[in-house]
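Dear colleague,

I am passing on the structure below, and I would be glad if you could look through it alongside the notes that follow.

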Amino acid sequence: MGNGTRLGRVRGLGSSHHGSHHWIQQRLTALANILLVVWFVVSMFRLPLGDHAAVLRWASNPTVALALILLTASVFWHLKLGLQVMIEDYVHGEATRILSLVLLNFYAIGGAAYGIFAIIRIALAPAAGLAPGGM
């Protein structure tokens, strides 16, 4: 087994050794998602139906807020990793691929940041004496 063709070795297009790292990240975020989503679903079923105040009290617990932040970060990171592989495999044309990857990164970072901001706002609202929807 070699490192590709002679021309590929000259151009530096041989094995890049980055695929295994990406694969491990996908598996670890998938495992984290399974654990955190199961925790989230069980927690939701344990809360009273239709009681918005109970959900806010639950989410304002610092331990719960931290777990929700971890869930949000893990879900968006896993989404980014999976869609990145799809874009790299199926989007043809260098400019289109790069634009798609840039938009994906903006979406993943922006979505995670927005979700984390919302969780922090809910968690800190009782300390400020404000309801999360009002002024």
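**The salt bridge and its setting**

The structure, which is a predicted model, holds one salt bridge. In that salt bridge the side chain of Arg97 meets the side chain of Glu94, with a distance of 3.2 Å from N to O. Side chains of opposite charge can pair when their charged atoms come close. Both Arg97 and Glu94 belong to helix α5 (residues 94–128), and because they are three residues apart there, about one helical turn separates them. Glu94 has a relative accessible area of 51%, so it counts as exposed, given that the cut-off for exposed is over 50%.

**The chain as a whole**

As for the overall fold, the chain has five helices and zero strands, so that, read from the N terminus, its elements follow the order α-α-α-α-α. The chain has 135 residues, of which 25% count as buried, and its accessible surface comes to about 9900 Å², with 70% of that belonging to carbon and sulfur atoms. Among the contacts in the chain with a separation of 6 or more, 64% are accounted for by residues 24 or more positions apart.

Definitions and conventions. Residues are numbered from 1 along each chain as its sequence is written. This is a predicted model: local features need pLDDT of at least 70, side-chain atom pairs count only at pLDDT 80 or more; totals for chains, interfaces and linings use all residues. Side-chain values use heavy atoms; hydrogens and water are left out. A salt bridge is a side-chain nitrogen of Lys or Arg within 4 Å of a carboxyl oxygen of Asp or Glu. Helices (H or I, at least four residues) and strands (E, at least two) are DSSP runs, numbered from the N terminus. Buried means under 20% relative accessible area, exposed over 50%, partly exposed in between (1.4 Å probe, protein chains only). Contact means heavy atoms within 4.5 Å. Accessible areas come from the Shrake-Rupley method with a 1.4 Å probe; for residues, only the protein chains shown count as cover.
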